[in-house]
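Please read the account below alongside the coordinates.

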Amino acid sequence: MKITAVTSYPVKVGFRNQFIVKIDTDEGISGVGEGGMSGRELGMAGMVDHLSRWLIGEDPGQIEHLWQTCYRTSYFEGGNILTAALSAIDIALWDIQGKRLGVPVYELLGGACRDVLPCFATPGALEEGIVAQAQSMYDDGWKVQRFLPVMPADPNEPDRPEEVYEPLEAIDNAIHWLGEIRSALGDGVKLAVDFHHRLSTVETAHFCQRAADLHLYFLEEPMRSENPRAYQQLREMTGVPLAIGEEFASPFAFVPWIEDGITNFARVDVSNVGGISAARKVAAMAEMHYIDMMPHNPLGPITTAASIHYGLATSNFAYLEYQHLIARHNDDALFPNRSRSKEPPSRNRLHPVWASPSITSSPPSAPSSSGTLALAPPRRLLSELVTDGAGIWELGGRIWELERSRSLAFQIPKSQLLTPP
Ligand SMILES: [Mg+2]
């Protein structure tokens, strides 16, 4: 089998972009992958085009060799654009290999360690209405919930969201709403917060001091993470577990965070770190330090599917990120059982999103008996996701038209848009 084409598709789905790569072969088997550097879709497309010269004509089954070829055939190693593009290529190669051998990808990774994949939920921003949303999701079985701090709304300033982010106001607001959620839901829920890199070391320490009574399960990326020494300083100031790594662009980037004990969960992103191949190496490194994986997963259904395969085959796995507001844009044919159920989860320690290890290429015949959220067969997601042609994408029976004039969501000038496939 030989690779015949490597094609990029930057496309807007719902309210954000997705960057999809499709690899074709001379035997009619194709695979799809997703790159995760949101807002840099044209850069990833350029890199995929550049890397394709080392891929076309090669055996797609030599996944590790092709990974190393793409990563190492330049004197200047690494970089976010390179590994985001390489992530999409790697996932597509695993997809092809699964189809070629007729087995789910997780079987190729060593087989399933579990038949239910634990996830955490993202009920929303810490603002009016969040307590009811958290309670509703808790009642549906989401026992681990992560929230996003915002600045408090000012009724006298309706345009407040346009203003400069004020960390101390956001901290005050977060402490208030997290306290309300803890009071309403009790001690049964595990609470977490993602500050999206917006705080300084002092501000983070201040937040942790004030959050002591809330018993946070983890604090996600309160500060930027270019410098692990800043987090080492923070570590000496707080005992709150940290979750770091969603934007790390190679397995090497995780080395100090894992080996020096700075992070407590590894937030690997299969669509940024270098694909499934690279994410497996991070998991192996973390396992030696009793650190569990908690994959970043805010992208499209291909990343979700790849993360599920990765999670099923990874022993040191904590939770997969699940964002219901993003998943609602995924097609019902791909996520047939995602509607919330009032039935109690059958495995309340390991839920709510599951994927059966026995599923190969056929969709489930009936809704999940677990009564919880269920994903369609991962094999099907990776196998039959994209049918391209004439600028039209067919996704599980639903047609998404590639919006030629608005295919990128981040205000990139029209003149920079790629020619649609
Ligand atoms: Mg995050």
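Residues are numbered from 1 along each chain as its sequence is written. The quantity pLDDT is the predictor's confidence in each residue, on a scale from 0 to 100. For the protein chain the average pLDDT is 78, and 74% of the residues score at least 70. Residues 331–421 are a stretch where pLDDT stays under 50. Where pLDDT is low, the predicted coordinates should not be read in detail.

The protein chain contains 13 helices and 13 strands. These elements are DSSP runs numbered from the N terminus, with helices being H or I of at least four residues and strands being E of at least two. Of the 421 residues in the protein chain, 49% are buried. A residue is termed buried if 20 or more other C-beta atoms lie within 10 Å of its own, exposed if 12 or fewer do, and partly exposed in between, with C-beta atoms placed from the backbone. Among contacts in the protein chain with a separation of 6 or more, 69% join residues 24 or more positions apart.

The description of helix packing begins with α2 (residues 63–72) and α3 (residues 80–101), whose axes come within 10 Å and cross at roughly 165 degrees. Axes are lines fitted to C-alpha atoms, for helices over the stretch in contact, and the angles run from 0 to 180 degrees between N-to-C directions. The angle makes α2 roughly antiparallel to α3; angles over 145 degrees count as roughly antiparallel, those under 35 as roughly parallel, those from 65 to 115 as roughly perpendicular, and the rest as oblique. The crossing of α2 past α3 is right-handed. A crossing is right-handed if the near helix is turned clockwise from the far one by less than a right angle, and left-handed if anticlockwise. On the α2 side the residues that meet α3 are I63, L66, W67, C70 and Y71, and their counterparts in α3 are L86, I89, D90, L93, W94 and Q97. By class, this contact has 9 nonpolar, 1 polar and 1 charged residues. Here Ala, Val, Leu, Ile, Met, Phe, Trp, Tyr, Cys and Pro count as nonpolar, Asp, Glu, Lys and Arg as charged, and the others, Gly among them, as polar.

Helix α6 (residues 167–185) takes part in two further pairs, one of them with α5 (residues 130–139), where the axes come within 9 Å and cross at roughly 40 degrees. Helices α5 and α6 are therefore oblique to each other, and α5 passes α6 in a right-handed crossing. I130, V131, A134, Q135 and Y138 of α5 make the contact with W177, E180, I181, A184 and L185 of α6. These residues divide into 8 nonpolar, 1 polar and 1 charged.

With α7, helix α6 packs at an angle of about 20 degrees, the axes being 10 Å apart. This makes α6 roughly parallel to α7, and their crossing is right-handed. The contact involves P167, L168, I171 and I175 of α6, together with E203, H206, F207 and R210 of α7. Its residues comprise 5 nonpolar, 1 polar and 2 charged.

Attention now turns to backbone geometry. Most residues other than glycine have a negative phi. H215, although not a glycine, has a positive phi of about 50 degrees; H215 lies in the loop between α7 (201–210) and β7 (218–220). H215 is exposed, because 12 or fewer is the limit and 11 other C-beta atoms lie within 10 Å. E221, likewise not a glycine, has a positive phi of about 40 degrees and is found in the loop between β7 and α8 (228–235). E221 is buried, with 24 other C-beta atoms within 10 Å.

Two pairs of positions separated in sequence complete the account. A5, in strand β1 (residues 3–13), is partly exposed, with 13 other C-beta atoms within 10 Å. A5 and D49 are 44 residues apart in sequence and 10.0 Å apart in space, C-alpha to C-alpha. E259 belongs to helix α9 (residues 255–259) and is exposed, with 12 other C-beta atoms within 10 Å.

Conventions:
Predicted model: local features only at pLDDT ≥ 70, side-chain atom pairs only at ≥ 80, totals over all residues. Contact = placed C-beta atoms within 7 Å.
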